[in-house]
Amino acid sequence: MDRLENTVRPYAWGSTTAIPRLLGVEPTGEPQAEMWMGAHPGAPSRTARGPLDEVIGEDPEKELGRAAVAKFGPRLPFLLKILAAGAPLSLQVHPNLEQAKEGYEDEELRGVPISASHRNYKDANHKPELICALTEFDGLCGFRSPDETAELLAGLDVDSLKPYVDLLHAHPEDAALREVLTAVLSADPDDMARTVTEAAAACARLGGAYAPYADLAHHYPGDPGVIAAMLLNYVQLQPGEALFLGAGVPHAYLNGLGVEIMANSDNVLRCGLTPKHVDVPELLRVVRFEASDPGVLRPEASPDGEEVYATPIDEFRLSRYALAEGAAPHDLTRDTPQILLCTSGSVHADGNTLAPGESVFVPAGEKAEVSGSGTIFRATVVA
């Protein structure tokens, strides 16, 4: 197996302390948002054999296994991260596989540069993802029922929001949600900024269920995403709980530290809470306008001690082991590629001792036996 050296991305929304605290190092004072583990060309992990994307590229079947290459192609299908949100991320949605292929081909035909700020599709892949909380973790996930949102908005007593309240009481529900989100994102920017300012003041005054939206407005004053966020379920995860974000589900991470895994894609369509490009027509094509429970996931334990976060896709499979000192080692050998990540304690993995935040890549079929005292996350695929 290969010990990984991983890049930390300094996005502005990142916490200045959470990743350093996990790694046991002094903060730099700069935001540290995401630590990437994998073979994404934007920041591939480094090994003694070279960058992981190059190592895999030299012999995909040896590193990934024949079944994984046949199913997903000659690259690692997932990207694993430690994500540390010190401020809200953009409100966003991801396309399904068909939408991603169509969007990518369209922008390629129109000659939109990959690096262009208004480019929506950086690749032809979908981007389902899973976030598992390491600390208390706040987020937004999926539409809440229109009636509940109408009650929330009405409680602000803001005149310019009253038309949205009326729309939310209309039927069918999917049409009501579509009309309101379209109206919010298409409104005159100056008018919407005034609405957000007034709504934010009411949220701050009322507190309670309104407090998260006052915080959003503090970070993104005047942004229509503040009102769009009120259409979504507010979720507080406890350590060990997770959320799965499928295609078309609007979401945003607000605060906390977690392990995130996703299909290897950069495709994001933003709804707000961002200075970046928002393509309203394309966004409306991709969003699934249906109210739903956010579906908090808890791991399913197997007899061998593996705790699996079940998801409906095959590009990744995330699980964890709680290891006890003196217990028999766990044999994690598998015919698919794996990344093992320690998040607490001290874990021994075939000659490698892993402290929190440290990880290894295990090629398909290579021996992988772990022991020690702590928690280790296991990322692989279903092939």
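A salt bridge here is a side-chain nitrogen of Lys or Arg within 4 Å of a carboxyl oxygen of Asp or Glu. Keep that cut-off in mind for this predicted model, where Asp-314 pairs up with Lys-71 and their closest N and O atoms sit 2.7 Å apart. That separation is within the 4 Å limit, so the pair counts as a salt bridge.

Now let's step back to the two parts of the protein. The contact draws 37 residues from domain 1 and 29 residues from domain 2.

How much area do domain 1 and domain 2 bury between them? It comes to about 2,800 Å², with 71% of that on carbon and sulfur atoms. On the domain 1 side, the residues that lose the most area to domain 2 are Arg-3, Phe-78 and Phe-244, and together they make up 20% of what that side buries.

Back to the polar side of things. Between domain 1 and domain 2 the count is two salt bridges, and the interface also shows nine residue pairs in polar contact, both partners at pLDDT 80 or more. As for where the domain 1 surface comes from, strand S12 (residues 251–263) gives the largest share of the side touching domain 2, with four residues. Sort that side of domain 1 by residue type and you find 25 nonpolar, five polar and seven charged.

Conventions:
Residues numbered from 1 in each chain as written. Predicted model: local features only at pLDDT ≥ 70, side-chain atom pairs only at ≥ 80, totals over all residues. Heavy atoms only, no water. Contact = heavy atoms within 4.5 Å. Buried area = accessible area lost by both parts, 1.4 Å probe. Polar contact = N/O pair within 3.5 Å; in protein donor to acceptor, adjacent residues only side chain to side chain. Helix = DSSP H or I, 4+ residues; strand = E, 2+ residues; numbered from the N terminus. Nonpolar A, V, L, I, M, F, W, Y, C, P; charged D, E, K, R; others polar.
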